[in-house]
Every structure is written in C-alpha cells, then in structure tokens.
Amino acid sequence: MNSRITSTGGPYLHIPVMKNKVLEALSLRGGSVYVDGTFGGGGHSSAILDTIDCIIIATDKDQNSLQIANKLNKKYQHRINFYNSSYIHIPSLLDSLSIKTVDGLLLDLGVSSMQLDDPNRGFSFQNEGPLDMRMGEGKISAYDVVNKMKIEHLSEIIRDFGEERYSKVIAKKINDYREKKTINTTTELSKIIEDAVGNYYKRQRGTHIHPSTRTFQAIRVFVNNEFDELYTLLCRVCDRIKFGGRIAVITFHSLEDRIVKNIFDHLTGQGSSRSRYEPMFEGQKNYPFIYPHKKFYKPDHEEIIANPRSRSAKLRYVQRTEHLFRENLDIYSMTKYKRMLEELK
C-alpha cells in the first residue's frame, strides 16, 4: 500500500477529528452558546447540535463553508450563526451580537479535507494546481512567496514555519529556478524541492515524509498568517469564556501545538518558564484557567485507520476559573514576519 496516497485520506470526505473527545472536552451544557472558530465542513458543529440544544457561533475564512452552514442551519432550526471570516474576529463578532461570554470555544486547526482535495486551491503537492494556498481572500498567495520573496526571507520562513533543516538548500534551489522561469504550479514547486533535498530524505532511517511536506506547510502558514492569528485569538478570547466554560484546540503539527501548549501552560500556571511581563499569582488556584484532566489527547488506532489524516492530531483543552484574566502574555513576536508580508504587497 502506498502510504503517501493513503495518508491523504483518499477522495474528499469530511470526518470530524476526535469527535467524541471534543464533545467531552467542551463539557456540553444545554441552553448554552458555543463558538466553532474553524467551521470547515461543519462536522464538529453538527456533533454538538446533535448532542444538546444550544446555539453555535461559527466562523471560517473559506467561502465554501458558507454553503455548508446554510444547509446545516435548516437542519438544526437556525441554531448556527455563521460568519465568513477569520476566527481572529470572534471577540468583535460577539460584541456585535451583544454576547459577553460563551460556554466554550473550539478550534480545529490546519487545512480541511475539502481544501486539500481541491487541486485548484494549491494546498497539496500530490495533485497539480496553481500556487495559491489561501484559505480565504488574502492578498498574498503562495505564488507571491515562491516567486517574489527575498531568498534570505524564504529560507527563514521554510526554517521557522516548516522546521525544515535544509531550508537554505531549498531556498537557493527555488531562487536559481525562478531566475530562469516563473514557478506556477504545486507539482513544479514540489519537483524543485525533491531535486534539492530528495537524496537527504532518502538517506534517513525508517519511514520519512515527502521532501515537500515541510516547505508546503511553511508557505501555507505564512500566506494565511496562521500562527499570529492563533496567538492573538487565544490571548483575546480568554475573558469571553464563562466560569466553567472551556477552550479546546486541535493541532496537527508541532509548531502550532507548541503555541497552544505554551499559552495554556501560562494560563494554568503550568509553564516551566514565565514571561517577564506576565503577572504573578499567589498559587496555581488563582490562575484564570485549569487543566481539567491530562494535558492532551490523540486519536486512537481505530480512528487513525478510518481517517489517516487524523494521525498527527492533538487535542488540548482548559477550563475557565473565576479568577481574573490579564491580557499581557508576551510569548511570541510576529513583527519580523509581518514586515515580510508587507514587502510582498
């Protein structure tokens, strides 16, 4: 069996990751309001609405999600309020709806199956498509990054957002190629990367990922400003969660999981290192959040067999306490990457 083909999950089929664990993590209560910040194909929202009588505030950048939300809204008697927007706008959306606090927030990060399986979106190197990778209607596309970004910045992006050890080799190969010919397609870019570092990957012991995986991830994260939006939302939404309410986040790779873990650890007093700007609390019990159970869950073997795309998922969640949240977590700085984005506009 070709593991790379299998790992894509085959033709598009939306399967909500760790559905039962998500329902448990959110500690659902009837008559409540929950926020699904990454609506996608609506799988998690549907599972919540099937379980309890509640209202869902849902957001997603992808315009395709709007059609799905409209269909589901009829099924669930108009209990889904969908907004075709990034989840970073959730606090202002709640303000516009005169909702001060909600009972839970869910984020299922990464690329949805309907995005990966559509070659025209340019997210996957396995099918030929345009170099796009935009989840919404952003100004910057993967084409701009690959063809216009300075070689030193391209190397930094691939290293920082893809954890690719051969980032300089890949960036140089891309630069050499684009000086002769514009790079237009996903397969064209993947071939350049394979030619640059394919032999390094083949020499690795045991199973290994495709040489293009980390570079495609890095470009996608940069194009969609994913890490900055994740950090910004988690810092701004904390005081919008009711006492006893929960924030649940599903991550799919180590970098975004590290952001979630670090923020959750700071919010619960579990962090091994502290920001010099973070206020001191008198004991763990005075922190604004707690870990209700162990720190994260992963899909079981049966789910991974049924949905191979879930294999790298981690679910972390925290629960709001009655203590004050102070919005001054100084963990990450995205200023450097924002400047890179401005240079491409």
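User: Leaving aside neighbours within four places in sequence, which residues is L189 in contact with?
Analyst: This is a predicted model: local features need pLDDT of at least 70, side-chain atom pairs count only at pLDDT 80 or more, and totals for chains, interfaces and linings use all residues. Residues are numbered from 1 along each chain as its sequence is written, and side-chain values use heavy atoms, with hydrogens and water left out. Contact means heavy atoms within 4.5 Å. On that basis, leaving out neighbours within four places in sequence, the partners of L189 are L131, V146, I174, I183, F216 and I219.

User: Which residues touch the most other members of the largest nonpolar core?
Analyst: A nonpolar core is a set of buried Ala, Val, Leu, Ile, Met, Phe, Trp, Tyr and Cys residues joined through side-chain atoms within 4.5 Å. Buried means under 20% relative accessible area, exposed means over 50%, and partly exposed is in between, with a 1.4 Å probe and protein chains only. The largest core has 68 residues, and those touching the most other members are L105, L107, V145, L189, F222 and I247.

User: How many residues are in the other core that lies apart from it?
Analyst: Among the members of that separate core are C54, L72, L106 and A313.

User: How do α8 and α11 lie, roughly parallel or roughly perpendicular?
Analyst: Helices are DSSP runs (H or I, at least four residues), strands likewise (E, at least two), and they're numbered from the N terminus. Axes are lines fitted to C-alpha atoms, for helices over the stretch in contact, and angles run from 0 to 180 degrees between N-to-C directions; those under 35 degrees count as roughly parallel, over 145 as roughly antiparallel, 65 to 115 as roughly perpendicular and the rest as oblique. The axes of α8 (residues 151–162) and α11 (residues 213–223) come within 8 Å and cross at roughly 100°. That makes the two helices roughly perpendicular.

User: By class, what residues make up the contact of α8 with α11?
Analyst: On the α8 side you've got I157, I158, F161 and G162, and on the α11 side R214, T215, Q217, A218, V221 and F222. Ala, Val, Leu, Ile, Met, Phe, Trp, Tyr, Cys and Pro count as nonpolar, Asp, Glu, Lys and Arg as charged, and the others, Gly among them, as polar. Sorted that way, the contact has 6 nonpolar, 3 polar and 1 charged residues.

User: Which residues is S167 in contact with, leaving aside neighbours within four places in sequence?
Analyst: S167 sits in helix α9 (residues 167–178). At a relative accessible area of 5%, S167 is buried. Its contacts, with those neighbours set aside, are S155, I158 and R159.

User: Why is helix α3 largely enclosed by the rest of the structure, and which of its residues are buried?
Analyst: Helix α3 covers residues 43–51, and it's largely enclosed because 7 of its 9 residues are buried. Those buried residues are G43, H44, S45, S46, A47, I48 and L49.

User: Which side chain makes a polar contact with the side chain of D132?
Analyst: D132 is in the loop between α6 (113–116) and α7 (142–148), and at 17% relative accessibility D132 counts as buried. Beyond four places in sequence, D132 is in contact with R121, G122, S141, A142 and V223. A polar contact is a pair of N or O atoms within 3.5 Å; within protein, one must be able to donate a hydrogen and the other to accept it, and residues adjacent in sequence count only if both atoms are side-chain atoms. The D132 side chain makes one at 2.8 Å, and the partner is the side chain of R134.

User: How far apart are the C-alpha atoms of S124 and T186?
Analyst: S124 lies in the loop between α6 and α7, and it's buried at 14% relative accessibility. Not counting residues up to four places away in sequence, S124 touches L116, T186 and F216. S124 and T186 are 62 residues apart along the chain, and their C-alpha atoms are separated by 7.0 Å.

User: What is the phi of N225?
Analyst: Most residues other than glycine have a negative phi. N225, in the loop between α11 and α12 (226–236), is partly exposed at 25%. Phi of N225 is positive even though the residue isn't glycine, near 55°.
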